[in-house]
Amino acid sequence: MIAETVCSAVSAAGLGIAVVTAYRKRYLSAARIAAYSLVPIGLVMTGIVGWLSDTAFSPTAWAGFGVLGAAWLLFAGTRAVERRRGGTRAERRTERRAERAAARGARPDAVAPTASAPSLGAGKGPAARPASPPAGANSGDDFSDIEAILKKHGI
């Protein structure tokens with residue numbers, strides 16, 4: 001009963017403000033204010049205000065809101081973990097299958113012998129490639145660890 005009275009008063013005040021705004025030749029704003037002021041009385045007439053006031057004092061309704069909040073938190077938490085892991089479960093499953101297939105098909109120490117040398121091609125001058133490698137340096141080992149990492153990731 002009090003909620004209906006308050007909503008009616010708010011609607012009446014809003015319509016009064018809309019009339020004053022229209023008197024000042026601001027018709028668009030007056031129409032918008034009138035629309036907002038009709039919402040509370042419309043809610044009272046449809047019965048939503050009565051339902052809300054009954055719900056506000058019901059412990060069962062508040063428990064239901066708590067359950068809905070817990071469900072939302074679980075949903076948001078699982079989405080955050082899924083994004084952090086990198087994709088959906090189906091994507092991770094196909095990624096694991098590809099890793100297993102690569103592990104079965106490749107030897108653990110298999111690296112292409114020519115893959116460890118940089119494939120930059122011929123340079124445009126004598127400064128493109130050093131005349132001789134430094135003493136004690138094995139140019140084949142320079143990129144073998146990088147190549148192994150790239151092969152591990154399927155690149």
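1. A helix here means a DSSP run of type H or I with at least four residues, numbered from the N terminus. With that in hand, note that this is a predicted model. The protein has 6 helices and 0 strands, and reading along the sequence gives the pattern α-α-α-α-α-α.

2. Some overall figures next. The protein has 155 residues, of which 9% count as buried. Its accessible surface is about 13000 Å², and carbon and sulfur atoms account for 65% of that. If you look at contacts between residues at least 6 apart in sequence, 44% of them join residues at least 24 apart.

3. How do α1 and α2 lie relative to one another, roughly parallel or roughly antiparallel? Helix α1 covers residues 2–23, and its axis comes within 8 Å of the axis of α2, with a crossing angle of roughly 170°. Angles over 145 degrees count as roughly antiparallel, so α1 is roughly antiparallel to α2.

4. On the α1 side, the residues involved include E4, C7, V10, G14, L15, I17 and A22. Their counterparts in α2 include Y27, A30, I33, L38, P40, I41 and V44.

5. Between α1 and α2 there is a loop, and K25 is found in it. Most residues other than glycine have a negative phi. K25 has a positive one, near 65°, and is not a glycine. Is K25 buried or exposed? Its relative accessible area is 62%, and the cut-off for exposed is over 50%, so K25 counts as exposed.

6. Now to the surface. Which residues form the nonpolar patch? They are V39, L43, I48, W51 and L52, and together they have about 470 Å² of accessible area. Helices α2 (27–46) and α3 (48–56) each supply at least two residues of this patch. The biggest share comes from α3, which gives 3 residues.

7. V39 sits in helix α2. Its relative accessible area is 45%.

8. Last, find E99, which has its place in helix α5, residues 89–105. Its relative accessibility is 46%, so E99 counts as partly exposed. How far apart are E99 and G154 in space? Their C-alpha atoms are 8.4 Å apart, although 55 residues separate E99 and G154 in sequence.

Notes: Residues numbered from 1 in each chain as written. Predicted model: local features only at pLDDT ≥ 70, side-chain atom pairs only at ≥ 80, totals over all residues. Heavy atoms only, no water. Buried < 20%, exposed > 50% of the residue type's maximum accessible area, 1.4 Å probe, protein only. Contact = heavy atoms within 4.5 Å. Areas by Shrake-Rupley, 256 points an atom, 1.4 Å probe, with all protein chains shown as cover. Patch = residues over 30% accessible without salt bridge, like charges linked within 9 Å, V, L, I, M, F, W, Y side chains within 5 Å. Salt bridge = Lys/Arg side-chain N within 4 Å of Asp/Glu carboxyl O. Axes fitted to C-alpha atoms, helices over the stretch in contact; angles between N-to-C directions. Parallel < 35°, antiparallel > 145°, perpendicular 65-115°, else oblique.
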